[in-house]
Amino acid sequence: MITNKIGVISCSGEECLGGTISRLAVRKMMEELKPGMVSTLCLPLFIAGDGGEREFAEKYPTIAVDGCSKCCAKRAIEKYSNKVAGSVDVAEIIGEVKALEKPLSTRNVTDEHMEYVNKTAAKTCEIFDDILIKSI
Amino acid sequence: MSKIKVIPCSGIGKVFGLLARESVLMVTEEKCPSDTETLCLAHVVTGDDEVVAKIKGETCITMDGCAKYCARKSVEETGGIVVKSHKVPDFMKAHRGEEHGTGTALTDDGWKYAEELAEILAEDVKEIKAGVN
Ligand code: SF4
Ligand code: SF4
(Lines give C-alpha, C1' and ligand atoms only; values in the text may rest on other atoms or scores of the structure.)
(Ligands and ions follow the chains in the order given, each with its own letter.)
Protein backbone atom coordinates (compact mmCIF):
# COMPACT_ATOMS: atom_id res chain seq x y z
CA MET A 1 0.00 0.00 0.00
CA ILE A 2 1.40 3.41 -0.93
CA THR A 3 0.42 6.41 1.14
CA ASN A 4 1.48 10.01 0.63
CA LYS A 5 4.49 9.37 2.85
CA ILE A 6 7.50 7.10 2.78
CA GLY A 7 9.21 5.91 5.94
CA VAL A 8 12.93 6.59 6.29
CA ILE A 9 14.55 5.16 9.39
CA SER A 10 18.12 5.54 10.55
CA CYS A 11 20.05 3.26 12.87
CA SER A 12 21.62 6.36 14.53
CA GLY A 13 24.38 4.03 15.74
CA GLU A 14 26.32 5.48 18.65
CA GLU A 15 29.51 3.45 18.35
CA CYS A 16 30.90 4.68 15.07
CA LEU A 17 31.04 7.44 12.48
CA GLY A 18 28.63 5.63 10.15
CA GLY A 19 25.83 5.97 12.70
CA THR A 20 26.21 9.74 12.82
CA ILE A 21 26.23 9.89 9.03
CA SER A 22 23.08 7.75 8.74
CA ARG A 23 21.32 9.94 11.28
CA LEU A 24 22.29 13.22 9.57
CA ALA A 25 21.34 11.84 6.15
CA VAL A 26 17.83 11.04 7.39
CA ARG A 27 17.53 14.48 8.97
CA LYS A 28 18.59 15.98 5.62
CA MET A 29 15.87 13.99 3.87
CA MET A 30 13.30 15.28 6.37
CA GLU A 31 14.36 18.91 6.35
CA GLU A 32 15.77 19.62 2.91
CA LEU A 33 15.30 16.95 0.29
CA LYS A 34 11.79 15.65 0.92
CA PRO A 35 10.18 17.95 3.48
CA GLY A 36 6.70 16.81 4.45
CA MET A 37 7.07 13.52 2.55
CA VAL A 38 9.19 11.59 5.00
CA SER A 39 7.76 9.74 7.92
CA THR A 40 10.29 8.69 10.49
CA LEU A 41 10.28 6.97 13.84
CA CYS A 42 12.89 6.45 16.51
CA LEU A 43 14.15 2.96 15.71
CA PRO A 44 14.18 1.71 19.34
CA LEU A 45 10.50 2.58 19.53
CA PHE A 46 9.74 -0.31 17.19
CA ILE A 47 10.75 -2.62 19.94
CA ALA A 48 10.07 -0.69 23.14
CA GLY A 49 6.90 1.03 21.95
CA ASP A 50 3.47 -0.19 22.91
CA GLY A 51 1.39 2.14 20.75
CA GLY A 52 1.26 0.18 17.52
CA GLU A 53 4.70 1.38 16.38
CA ARG A 54 5.53 -2.03 15.02
CA GLU A 55 2.90 -1.51 12.32
CA PHE A 56 4.98 1.34 10.91
CA ALA A 57 6.53 -0.53 8.01
CA GLU A 58 3.15 -2.05 7.21
CA LYS A 59 1.66 1.44 6.92
CA TYR A 60 4.53 3.04 5.02
CA PRO A 61 6.98 1.66 2.48
CA THR A 62 10.13 2.07 4.55
CA ILE A 63 13.78 2.68 3.72
CA ALA A 64 16.39 1.69 6.32
CA VAL A 65 19.56 3.80 6.49
CA ASP A 66 22.31 1.94 8.34
CA GLY A 67 25.70 3.12 9.52
CA CYS A 68 27.61 -0.10 8.85
CA SER A 69 27.24 -3.50 7.29
CA LYS A 70 25.62 -4.95 10.42
CA CYS A 71 22.49 -3.26 9.02
CA CYS A 72 20.75 -3.16 12.40
CA ALA A 73 17.92 -0.85 11.31
CA LYS A 74 17.05 -3.05 8.35
CA ARG A 75 17.16 -6.21 10.42
CA ALA A 76 15.18 -4.73 13.33
CA ILE A 77 12.49 -3.34 11.03
CA GLU A 78 12.16 -6.68 9.25
CA LYS A 79 12.13 -8.63 12.51
CA TYR A 80 9.55 -6.47 14.27
CA SER A 81 7.51 -4.83 11.53
CA ASN A 82 7.67 -5.66 7.84
CA LYS A 83 10.07 -6.11 4.93
CA VAL A 84 11.82 -2.85 4.05
CA ALA A 85 11.16 -1.26 0.67
CA GLY A 86 14.83 -0.37 0.33
CA SER A 87 18.02 0.00 2.32
CA VAL A 88 21.19 2.06 2.37
CA ASP A 89 24.45 1.00 4.03
CA VAL A 90 26.76 3.96 4.75
CA ALA A 91 29.76 1.58 4.71
CA GLU A 92 29.08 0.80 1.04
CA ILE A 93 29.23 4.53 0.29
CA ILE A 94 32.20 5.68 2.37
CA GLY A 95 33.99 2.36 2.96
CA GLU A 96 33.80 0.04 5.96
CA VAL A 97 37.00 1.33 7.57
CA LYS A 98 35.78 4.94 7.53
CA ALA A 99 32.29 3.95 8.66
CA LEU A 100 33.75 2.19 11.69
CA GLU A 101 35.83 5.16 12.81
CA LYS A 102 35.12 6.76 16.19
CA PRO A 103 31.62 8.17 16.75
CA LEU A 104 31.22 11.78 15.77
CA SER A 105 29.61 14.60 17.70
CA THR A 106 27.65 17.04 15.54
CA ARG A 107 30.02 19.69 16.99
CA ASN A 108 32.88 18.18 15.02
CA VAL A 109 31.25 17.67 11.64
CA THR A 110 33.62 18.75 8.85
CA ASP A 111 33.06 19.41 5.14
CA GLU A 112 34.33 15.88 4.46
CA HIS A 113 31.68 14.44 6.80
CA MET A 114 29.02 16.57 5.12
CA GLU A 115 30.12 15.10 1.81
CA TYR A 116 29.40 11.62 3.26
CA VAL A 117 26.03 12.83 4.51
CA ASN A 118 25.16 14.28 1.10
CA LYS A 119 26.13 11.05 -0.71
CA THR A 120 24.13 8.94 1.72
CA ALA A 121 21.12 11.23 1.46
CA ALA A 122 21.39 11.22 -2.36
CA LYS A 123 21.35 7.40 -2.41
CA THR A 124 18.37 7.39 -0.07
CA CYS A 125 16.65 9.93 -2.31
CA GLU A 126 17.15 7.70 -5.36
CA ILE A 127 15.43 4.81 -3.62
CA PHE A 128 12.73 7.17 -2.35
CA ASP A 129 11.99 8.41 -5.89
CA ASP A 130 11.92 4.85 -7.25
CA ILE A 131 9.31 3.91 -4.67
CA LEU A 132 7.27 7.00 -5.56
CA ILE A 133 7.42 6.27 -9.30
CA LYS A 134 6.38 2.66 -8.79
CA SER A 135 3.41 3.83 -6.73
CA ILE A 136 1.96 5.96 -9.55
CA MET B 1 35.33 -4.02 36.50
CA SER B 2 34.58 -3.66 32.81
CA LYS B 3 33.69 -0.26 31.43
CA ILE B 4 30.32 1.16 32.42
CA LYS B 5 27.99 1.23 29.41
CA VAL B 6 26.38 4.64 28.91
CA ILE B 7 23.63 4.39 26.34
CA PRO B 8 21.42 7.11 24.86
CA CYS B 9 18.24 6.54 22.87
CA SER B 10 19.37 8.92 20.06
CA GLY B 11 15.71 9.59 19.23
CA ILE B 12 15.56 11.27 15.84
CA GLY B 13 12.38 13.29 15.67
CA LYS B 14 13.04 16.04 18.21
CA VAL B 15 15.93 17.77 19.91
CA PHE B 16 15.68 15.59 23.04
CA GLY B 17 17.18 12.55 21.32
CA LEU B 18 20.11 14.59 20.05
CA LEU B 19 20.66 16.05 23.53
CA ALA B 20 20.75 12.51 24.92
CA ARG B 21 23.19 11.37 22.25
CA GLU B 22 25.54 14.35 22.53
CA SER B 23 25.63 14.26 26.33
CA VAL B 24 26.58 10.58 26.24
CA LEU B 25 29.29 11.18 23.64
CA MET B 26 30.75 13.90 25.90
CA VAL B 27 31.02 11.33 28.70
CA THR B 28 32.37 8.39 26.71
CA GLU B 29 34.71 10.41 24.47
CA GLU B 30 35.83 13.26 26.73
CA LYS B 31 34.89 13.16 30.41
CA CYS B 32 35.29 9.49 31.36
CA PRO B 33 36.77 7.63 28.37
CA SER B 34 38.67 5.12 30.45
CA ASP B 35 35.67 4.18 32.64
CA THR B 36 32.85 4.24 30.09
CA GLU B 37 31.87 3.19 26.62
CA THR B 38 28.71 3.32 24.59
CA LEU B 39 26.96 0.75 22.43
CA CYS B 40 24.74 1.20 19.41
CA LEU B 41 21.21 0.95 20.77
CA ALA B 42 19.97 -0.24 17.38
CA HIS B 43 22.46 -3.10 17.62
CA VAL B 44 21.29 -3.89 21.15
CA VAL B 45 17.71 -4.25 19.94
CA THR B 46 18.69 -6.79 17.28
CA GLY B 47 19.56 -9.19 20.10
CA ASP B 48 22.67 -10.41 18.22
CA ASP B 49 24.78 -12.78 20.31
CA GLU B 50 27.75 -10.46 19.94
CA VAL B 51 25.99 -7.47 21.50
CA VAL B 52 24.16 -9.52 24.13
CA ALA B 53 27.55 -10.81 25.28
CA LYS B 54 28.74 -7.22 25.66
CA ILE B 55 25.79 -6.03 27.71
CA LYS B 56 24.39 -8.97 29.70
CA GLY B 57 25.00 -8.51 33.42
CA GLU B 58 26.93 -5.29 32.80
CA THR B 59 26.47 -2.01 34.66
CA CYS B 60 24.63 0.46 32.44
CA ILE B 61 23.43 4.06 32.59
CA THR B 62 20.77 5.21 30.15
CA MET B 63 19.78 8.66 28.91
CA ASP B 64 16.44 8.72 27.13
CA GLY B 65 14.86 11.49 25.13
CA CYS B 66 11.34 11.04 26.46
CA ALA B 67 9.12 9.07 28.81
CA LYS B 68 8.97 6.12 26.44
CA TYR B 69 12.36 5.15 27.90
CA CYS B 70 13.41 3.18 24.83
CA ALA B 71 17.07 2.96 25.85
CA ARG B 72 16.33 1.79 29.39
CA LYS B 73 13.73 -0.75 28.28
CA SER B 74 15.84 -2.16 25.45
CA VAL B 75 18.96 -2.42 27.62
CA GLU B 76 17.02 -4.17 30.39
CA GLU B 77 15.39 -6.55 27.94
CA THR B 78 18.82 -7.49 26.65
CA GLY B 79 20.06 -8.28 30.15
CA GLY B 80 21.95 -5.08 30.98
CA ILE B 81 21.73 -3.85 34.57
CA VAL B 82 20.49 -0.26 34.46
CA VAL B 83 21.70 1.33 37.69
CA LYS B 84 20.91 4.90 36.67
CA SER B 85 18.20 5.93 34.23
CA HIS B 86 17.51 9.50 33.16
CA LYS B 87 15.44 11.28 30.59
CA VAL B 88 16.37 14.62 29.07
CA PRO B 89 13.17 16.47 30.11
CA ASP B 90 13.85 15.63 33.81
CA PHE B 91 16.33 18.48 34.04
CA MET B 92 14.48 21.05 31.91
CA LYS B 93 13.05 23.13 34.75
CA ALA B 94 15.98 25.52 34.94
CA HIS B 95 15.99 25.79 31.13
CA ARG B 96 12.38 26.77 30.46
CA GLY B 97 12.03 29.13 27.53
CA GLU B 98 15.40 28.25 26.06
CA GLU B 99 15.69 27.11 22.47
CA HIS B 100 17.86 24.00 22.31
CA GLY B 101 17.80 23.32 18.57
CA THR B 102 16.43 20.44 16.51
CA GLY B 103 17.14 16.76 15.96
CA THR B 104 19.85 17.89 13.53
CA ALA B 105 21.80 20.51 15.44
CA LEU B 106 21.98 22.09 18.88
CA THR B 107 22.03 25.81 19.60
CA ASP B 108 24.48 27.35 22.11
CA ASP B 109 21.86 26.87 24.83
CA GLY B 110 21.42 23.30 23.63
CA TRP B 111 25.14 22.63 23.99
CA LYS B 112 25.11 24.12 27.49
CA TYR B 113 22.25 21.83 28.43
CA ALA B 114 24.01 18.81 26.88
CA GLU B 115 27.08 19.70 28.94
CA GLU B 116 24.93 19.79 32.10
CA LEU B 117 23.45 16.39 31.26
CA ALA B 118 26.95 15.05 30.66
CA GLU B 119 28.01 16.29 34.10
CA ILE B 120 25.08 14.42 35.66
CA LEU B 121 26.17 11.25 33.86
CA ALA B 122 29.81 11.79 34.87
CA GLU B 123 28.69 12.11 38.51
CA ASP B 124 26.81 8.82 38.16
CA VAL B 125 29.99 7.21 36.86
CA LYS B 126 31.97 8.53 39.85
CA GLU B 127 29.32 7.24 42.27
CA ILE B 128 29.25 3.82 40.67
CA LYS B 129 33.03 3.62 40.66
CA ALA B 130 33.05 4.55 44.35
CA GLY B 131 30.44 1.87 45.05
CA VAL B 132 27.99 4.39 46.50
CA ASN B 133 24.81 3.55 44.58
S1 SF4 C 1 24.26 -0.66 11.62
FE2 SF4 C 1 26.32 -0.39 12.49
S3 SF4 C 1 26.34 1.78 13.16
FE4 SF4 C 1 24.20 1.20 12.87
S5 SF4 C 1 23.48 0.51 14.90
FE6 SF4 C 1 24.20 -1.30 13.77
S7 SF4 C 1 26.33 -1.58 14.43
FE8 SF4 C 1 25.75 0.54 14.95
S1 SF4 D 1 12.87 7.49 24.39
FE2 SF4 D 1 11.58 8.89 23.20
S3 SF4 D 1 13.04 10.12 21.98
FE4 SF4 D 1 14.13 8.31 22.71
S5 SF4 D 1 13.96 6.76 21.06
FE6 SF4 D 1 12.26 6.43 22.48
S7 SF4 D 1 10.54 7.58 21.63
FE8 SF4 D 1 12.43 8.37 20.67
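Biologist: How many helices and strands are there in chain B?

Modeller: Keep in mind that this is a predicted model, where local features need pLDDT of at least 70, side-chain atom pairs count only at pLDDT 80 or more, and totals for chains, interfaces and linings use all residues. Residues are numbered from 1 along each chain as its sequence is written, chains are lettered from A and ligands numbered from 1 in the order in which they are written, and side-chain values use heavy atoms, with hydrogens and water left out. Helices (H or I, at least four residues) and strands (E, at least two) are DSSP runs numbered from the N terminus. From that end, chain B reads β-α-β-α-α-β-α-β-α, which gives 5 helices and 4 strands.

Biologist: And in which order do the elements of chain A run?

Modeller: Chain A has 7 helices and 4 strands. From the N terminus on, they come as β-α-β-α-α-β-α-β-α-α-α.

Biologist: What radius of gyration does chain B have?

Modeller: The radius is taken over C-alpha atoms, and the globule rule is 2.2 Å times the number of residues to the power 0.38. The C-alpha trace of chain B spans about 40 × 30 × 20 Å along its principal axes. For 133 residues the rule puts a compact globule near 14 Å, and chain B agrees with that, at 14 Å.

Biologist: What share of the residues in chain A is buried?

Modeller: Buried means under 20% relative accessible area, exposed means over 50%, and partly exposed is in between (1.4 Å probe, protein chains only). In chain B, 54% of the 133 residues count as buried. For the 136 residues of chain A, the buried share is 54%.

Biologist: Which residues is L121(B) in contact with, leaving aside its neighbours within four places in sequence?

Modeller: Contact means heavy atoms within 4.5 Å. L121(B) is among the core members that touch the most others. Its partners, with those neighbours left aside, are V6(B), S23(B), V24(B), V27(B), I61(B), M63(B) and H86(B).

Biologist: How many residues are in the second, separate core?

Modeller: That core includes C11(A), A57(A), A64(A) and A76(A). Its size is 20 residues.

Biologist: Let's look at E37(B): what is its relative accessible area?

Modeller: E37(B) sits in strand β2 (residues 36–37) of chain B. Residues up to four places away in sequence aside, E37(B) touches K3(B), I4(B), K5(B), V6(B) and T28(B). E37(B) counts as partly exposed because its relative accessible area is 30%.

Biologist: How far apart are the mean positions of the positive and negative charges of chain B?

Modeller: Lys and Arg count as positive and Asp and Glu as negative, with His and the chain ends not counted. Each charge is placed at NZ of Lys, CZ of Arg, CG of Asp or CD of Glu. Chain A has 18 positive and 20 negative side chains, with the two centres 1 Å apart. For the 17 positive and 23 negative charges of chain B, the distance is 4 Å.

How values were computed:
Core = buried A, V, L, I, M, F, W, Y, C linked by side-chain atoms within 4.5 Å.
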